[in-house]
Amino acid sequence: MSQRAQSNYIPALTGVRAMAAYLVFISHFAYVFDEKFPHSVQRFFNEFHIGVTIFFVLSGFLIAFRYFDSFKLTKAWFLQYLKNRVARIYPMYALLTIGAFIAYHFTQNQTVTAGQNPVVMFFMNIVFVRGFFDQFKFTGIAQGWSLTVEECFYFSAPFIFLIATKYKKFYIQPIAVTGLGALLVLIFSHVNWFGFFGNFTFMMLYTFLGRCFEFYAGIQLALIVRKQKLDGTSKKKFTYLGFFLIFFCVWIMSTLTIPKGYEAGLHNPWGIITNNYLLATSIAIFFYGLLTETTLLKKFLAHPFIELLGKSSYIFYLIHLGFMYNFIHQGMNSLNDYVFELYDKWGVDWHSPFEYDSLNLLYAFIVLNMVSITLFKLIEEPLNHYIRKSDFLIKNQARNPENESAKIKA
C-alpha cells in the first residue's frame, strides 16, 4: 500500500464491520434472550438488524472516499472498478452459495429454494437477481439478499458520482431513486410475479431503491471529510453521540407495534423511516467521529485482533445462518446426547454443557468466527489478490493508476 493510502487507512472502520456482523447475528437469535430476560430485552436485541444499515452506510462512504475524486466513465476505468468489486465480494459468495445448494441436495431444506426448481433458484442466487423478488429474497444464503442491494449500489456508484459532479444537486438523487421504487411498486403490485417489487415494505427494506439513502449518507460523509486531514485530533464528541443515537434508534424500533406477518418493529412504517433515515444519519455521525477523533472506542475497534475479525466478518455474515450454522447446531445436539449417555453409564445426574441454548449460541459464535478467519486466510484473501492481479475483465498492470487512487481499503 502506498504511503498516501497507509496514512488514510482507518483500522477502526474495519473493526466496525465485525461489530455490524455481530449485531446481525444477535438479531437472528434474539429469541434466546427471552429465557431469562424480560421480553423488552428480546425486542431490543431483535432490532440489531441495524448491522445491515451499518454495512450500507460504510459501503457508501468507502466507495465514494476511494473513487469520487478519480472516477472516469471510460471502459478501462469501469472494468477495473468492476474487477475490484468482484474480487472483494463474489468468490466467497459463489462458493458458499454452491455449498448451500449441495447441502440442499442432502437435506431438502425448502427454505433454500422456496419450493421452486433448485436449478432456477441456484441461477437466480448466483447472479443476485433473487433479491428483486419478495418470495425469493431469503433463498440460497438467506442473508445474502443484502448483496443484491450492495451490487446495485456498486453498479450505480459511478453514475451517482457523475450526476453529483455535473448537476451538483446531490440531495435530489435519493428522492428520485426511491421515487422510482415507488413507481415500480405501483406498477407491479398488481402483477403476481413472485413478489417482484410487490409491495412498499419489500421495496423500502430489501431493495437498493428503497435503501439508497443509507448509501447516500455514506457518500455525503466522504464528500465532507475527503479534504480534511484525518489525524484524530478533533476534541468533539461525535463518536459517542453517534453511538448513542444508533442505539436510541434501536430502542425506538423495539417499542413499535410489529405488523402482522413480520418479525420486528423495523417493518412498521415508522420503523422503516427510523431505520432507513434516522439510523443512517446517526451512523454517519458515528463514522465522522471515528474518522476525526481519538477515543477508547476507536482504539478498541482498531485493535489488530478486532481488525482481523472485521476482515473475516464478511464470511461470518454469510455463514452465521444456513447450512454452516445448521451443521454446527446439529453437532452440539449430538454432543449433548453423547454427554447424557455418558452420565447414564456413570449413574450421575449432572448438567450437560450443551443443554442450554444461550451457551450453545456462544459456542456457535466462537466456532463461526474460527471458521470465518480460516476461510478468510486460506480462500478469500488469496482469491481477492489473485483476481486483482489477473487479467480478468482487464489486463493487469503492475502499477495501475486506478488502484493507486485508493485512500481506504474497501
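I take contact to mean heavy atoms within 4.5 Å. Helices, in my notes, are DSSP runs of H or I with at least four residues, numbered from the N terminus.

**Basis.** I worked from a predicted model, in which local features need pLDDT of at least 70, side-chain atom pairs count only at pLDDT 80 or more, and totals for chains, interfaces and linings use all residues. Residues are numbered from 1 along each chain as its sequence is written, and side-chain values use heavy atoms, with hydrogens and water left out.

**Entry 1: H14 and H17.** I looked up which residues of H14 meet H17: they are Leu308, Leu309 and Lys311. On the H17 side I listed Asn369, Ile373, Phe376, Lys377 and Glu380. I noted four nonpolar, one polar and three charged residues in this contact (Ala, Val, Leu, Ile, Met, Phe, Trp, Tyr, Cys and Pro count as nonpolar, Asp, Glu, Lys and Arg as charged, and the others, Gly among them, as polar). The axes of H14 (residues 304–311) and H17 (residues 357–389) come within 9 Å and cross at roughly 75°; therefore I recorded H14 as roughly perpendicular to H17 (a term for angles of 65 to 115 degrees). Axes here are lines fitted to C-alpha atoms, for helices over the stretch in contact, and angles run from 0 to 180 degrees between N-to-C directions.

**Entry 2: the largest pocket.** On a 1 Å grid over the protein atoms alone, a pocket is an open set of points with protein on both sides within 12 Å along at least five of seven lines, while a cavity is a set where a 1.4 Å probe fits but cannot get out; lining residues have an atom within 4 Å of a point. A volume is the space filled by probe spheres set on the points. I found about 1200 Å³ in the largest pocket. Its lining has 48 residues, and His28, Phe138, Ala142, Gln143 and Leu321 lie nearest the centre. H5 gives the largest share of this lining, six residues. By class I noted 25 nonpolar, 19 polar and four charged residues.

**Entry 3: the cavity.** I found one cavity of 30 Å³ or more. The largest cavity has a volume of about 310 Å³ and is lined by 19 residues, with Phe55, Ser59, Ile89, Glu150 and Tyr154 nearest its centre. H4 supplies the largest share of this lining, six residues.

**Entry 4: cysteines.** I found zero disulfides in the structure (pairs of cysteine sulfur atoms within 2.5 Å). For Cys152, the nearest cysteine sulfur is that of Cys212, 11 Å away.

Definitions and conventions
Helices (H or I, at least four residues) and strands (E, at least two) are DSSP runs, numbered from the N terminus. Angles under 35 degrees count as roughly parallel, over 145 as roughly antiparallel, 65 to 115 as roughly perpendicular and the rest as oblique.
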